[in-house]
Amino acid sequence: MAGPARGGHRQFLAWTLAALAVGVGCGRTAETRRLPNVLLILADDLGYGDVGAYNSEAKVATPHIDRLAREGLRFSDAHSPSTVCTPTRYGLLTGRMPFRNGMAGVFVGVQGPSLIEAGRLTLPQMLREKGYRTAMVGKWHLGMTFYDAEGRPVHDLDLPASTPQERASSEVERVRRADFSQAIPDGPLHRGFDEFFGTVACPTTDWMYAWIEGDRVPIPPSELLDRAHLPKHPYSRDNRRGLVAEDYDLEQVDIEFLRRSVEFLERHAEDSPERPFFLFHSMQAVHLPSFPAPLFHGSTAAGPHGDFLHEMDFIVGELTGTLERLGLAEDTLVLFTSDNGPEVLTVYHMRTDHGHDGARPWRGVKRDQWEGGHRVPMIAKWPGFVPAGQVTDQTFNLTDIMATLAGVTGYELPIDAAEDSFDFSQVLTGTAGPAPVREFTLHQTNRLALALRQGKWKYLDHAGSGGNDYSRPELTGYVIDHGAPGAPAQLYDLTVDPGETNNLYYEQPDIAMRMKADLDRLVESGRSAPRN
């Protein structure tokens, strides 16, 4: 749509939702009913095939997520902005494809500064401007600035390291040199959140194991992690020996995140029921190492990672159950999704040991440009507004959450924000027509390899996976001869070849050239979403 019509749609939708909300809830004015609460739950490394609602052959039951799907809208063609953690979080919170920022890979330890640029409009800031109380609990993983005693950012310290062992030692040394008495200047509180409790990066596979509250580290990490008492199994790898705080328990991370989110919801219901809230619950589960809480040990027949999946689903149930207990469920839009596909070792061992395929039915895993690397579960529930039990095949990117919530709340996005975010609010409410909201979507890997999806066609602007090294022992069995030797790029027709096994680059050169030109144009233009 053109700018004024698009803006008019958003304001009309906000008015319509307000009108429909009359009579919902008790003791609230019409003004407070016009905007829904938003609970955004982001799982970590959860594959499309890890959820029962998406995979009838899943070996771990996910009843709470399946219930969300039955009572809400399930997206069958949703994608993370990237195939790894840090850039996906950037895309989700800014509505902008992370390759435009230029960073490949992920932050570790006390690396920084914040990947989200100062002054850039974020999803929580947008909602805060609409009157929302905004809170984040969990894994930040977007970089922060920590200073040493001389006021120097520790991420800028010159600590030479040429071997993996030296690099590990240098990252531990950065943590050791950080002066945790100083406030963090560029964390969640400076990017739109009123409250934050969580971790700087991966909570159980990092160089710093300590809690952050607001912009402070109350109990600094002081000792090297003692792994003697941690579980040891095929899913316990990827656990770095970083510095740990005395109050930090790696097996209770997600339970502590849950406790803090429940506490926020209870406080909000008690002291600010008239205000809408936005709670971003960013899990550790089910990122390796699989360290489920002791309560879940042996709770499934699918080993430690199956137990971790069980804990993840339990947490979803506890969060949604808390909404119901507090009388907030009817007024809350719940969004559940994942930051990318499942991890290499997770998929390999779960397939081999338990017959469970977290990437089913797609080719590829975390880091790969193939569908298994970025096609993720995505479920939306909002009683009375999102029709229950529906499935949409609309292609969706997690960058679209920002423009969609702008549409729901009537927020007019400025031209220099949410450059790759499309408004799916009419899809949520079942009022969209058959036409696709997105004619295309962009994809990227941890190596900044790019791809473009247009309807049934998917063009990968590179050879190979774009991410993982398929000469690794765990991956050699999944190498596919796609029939186009020497091709510099890949082209697949997903309607007849969803497994991306037949590269049509040479057979359909005109389509490949057109999509290459379209991809280059969308990269160079600086945005892919319609201008407001």
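The structure is a predicted model, in which local features require pLDDT of at least 70 and side-chain atom pairs count only at pLDDT 80 or more, whereas totals for chains, interfaces and linings use all residues. Residues are numbered from 1 along each chain as its sequence is written, and side-chain values use heavy atoms, with hydrogens and water left out.

Helices (H or I, at least four residues) and strands (E, at least two) were taken as DSSP runs, numbered from the N terminus. In helix α3 (residues 63-71), I65, D66, L68 and A69 are buried (under 20% relative accessible area, with exposed over 50% and partly exposed in between; 1.4 Å probe, protein chains only). These residues lie on the same side of α3 because they cover an arc of only 150° around the axis, the arc being that of the directions from the helix axis to the C-beta atoms. Their cover includes β2 (73-79), α8 (303-325), β10 (332-338) and β11 (375-381), where contact means heavy atoms within 4.5 Å.

A total of 18 aromatic pairs was found in the structure. Rings of Phe, Tyr and Trp (its six-membered ring) pair if their centres lie within 6.5 Å; planes under 30 degrees apart count as stacked, over 60 as edge-to-face and the rest as tilted. One of the pairs, F193 with F280, is stacked, at 6.4 Å centre to centre and 20° between the planes. This pair links distant parts of the chain, 87 residues apart: F193 belongs to the loop between α6 (164-177) and β4 (195-199), and F280 to strand β9 (residues 277-282). Both F193 and F280 are buried. The Y505 and Y506 rings, with centres 5.4 Å apart and planes at 75°, form an edge-to-face pair. Y505 is partly exposed at 22% relative accessibility, as is Y506 at 48%. A single aromatic cluster comprises F197, Y209, W211, Y248 and F257.

R363 is placed over W370 at 3.5 Å from the ring centre, and R375 over W362 at 3.9 Å.

A search of the whole structure returned zero disulfides, defined as pairs of cysteine sulfur atoms within 2.5 Å. For C85, the closest cysteine sulfur is that of C202, at 4.8 Å, which is too far for a bond. C85 is buried, with 2% relative accessibility, and C202 is likewise buried, with a relative accessible area of 8%.

Technical notes:
Lys NZ or Arg CZ within 6 Å of the ring centre and 35° of its normal.
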